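This report describes the packing of one protein model. Please keep the sequence and the 3D view at hand while reading.

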Amino acid sequence: MREISLSLLWLPLAGYLLGSIPFGILLTRLFGGGDIREAGSGNIGATNVTRVVGPLAGVLTLVLDGLKGAAAVWLAARFSNSSAMWMTAAGVAALIGHCFPVWLKFRGGKGVATAAGMFLALCWPAALGAIGIFLLVVIFFRFVSLGSIAAAASMPLLIYLLWAPHLAPPASVTVGAFAAAMLVVYKHDGNIQRLVEGREPRFSFGKESKDKDTE
């Protein structure tokens, strides 16, 4: 059993490499926006891509960043006989890859879309619940960062409640959900500071905005 487990250590590595693909940079260049790190807020996520080159590129970035997390979980399920531990480990590794990509000197995005993709593949009812919380917060308050923080913070509880009827998730899933939530919240430290100080700008779809974003 130990040998089998050790033979699957490549799954988190594969997840990390998937997560580190900088779709925001690639799509912004494809749409003629240059280097996204030198425009808008300088972030590589979907929110800044939307502001710099428009909603189509932003939506594509959101979807592809989400697919990174989902693909890592799917790959782990395929090669580990649907082991919750390996699926969670690969998903968290993809999230780490997005937030700290080796290709960009470990300066990546904030992980919201990648975490959403990870949890959609791992426990879709919990992920849908978190997406609902995100949408409600953004609709009522128009702070994407606040919606992202609220959704991330709610995920461990939603996973615990919705993992399976009358069953709590394995300890590895609970730990992974907390780790993912803490990482996403940590990456929003600047947004949290601006929210507290009343300086966080509200989201709009306008291009070339200088707002600080969440992705």
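## Packing in the predicted model

T28 has 0% relative accessibility and therefore counts as buried, a term for residues under 20% relative accessible area, with exposed meaning over 50% and partly exposed in between (1.4 Å probe, protein chains only). This is a predicted model, in which local features need pLDDT of at least 70 and side-chain atom pairs count only at pLDDT 80 or more, while totals for chains, interfaces and linings use all residues. Residues are numbered from 1 along each chain as its sequence is written, and side-chain values use heavy atoms, with hydrogens and water left out.

T28 lies in helix α3 (residues 23-30); helices (H or I, at least four residues) are DSSP runs, numbered from the N terminus. Leaving aside neighbours within four places in sequence, T28 is in contact with G33, G34, I36, V49 and V53, where contact means heavy atoms within 4.5 Å. The C-alpha atoms of T28 and V52 are separated by 8.0 Å, although these residues are 24 apart along the chain.

A nonpolar core is a set of buried Ala, Val, Leu, Ile, Met, Phe, Trp, Tyr and Cys residues joined through side-chain atoms within 4.5 Å. The largest such core has 35 residues, and L95, F119, L122 and I159 have the most contacts inside it. Helix α6 gives the most to this core, with 8 residues. A second, separate core of 9 residues includes A39, I44, V49 and A57.

Of the 11 residues of α7, 8 are buried, so this helix is largely enclosed by the rest of the structure. The buried residues of α7 pack against α5, α6, α8, α9 and α10. L122, one of these buried residues, touches V73, M87, T88, W163 and V173, not counting residues up to four places away in sequence.

Helices α5 and α6 pack at an angle of about 150 degrees, with their axes 8 Å apart; axes are lines fitted to C-alpha atoms over the stretch in contact, and angles run from 0 to 180 degrees between N-to-C directions. That angle makes α5 roughly antiparallel to α6, a label for angles over 145 degrees. The two helices contribute the following residues to their contact.

| Helix | Residues in the contact |
|---|---|
| α5 | D65, K68, G69, A72, V73, A76 and A77 |
| α6 | W86, M87, A90, G91, A94 and H98 |

The residues of this contact divide into 8 nonpolar, 3 polar and 2 charged; Ala, Val, Leu, Ile, Met, Phe, Trp, Tyr, Cys and Pro count as nonpolar, Asp, Glu, Lys and Arg as charged, and the others, Gly among them, as polar.

Methods: Parallel < 35°, antiparallel > 145°, perpendicular 65-115°, else oblique.
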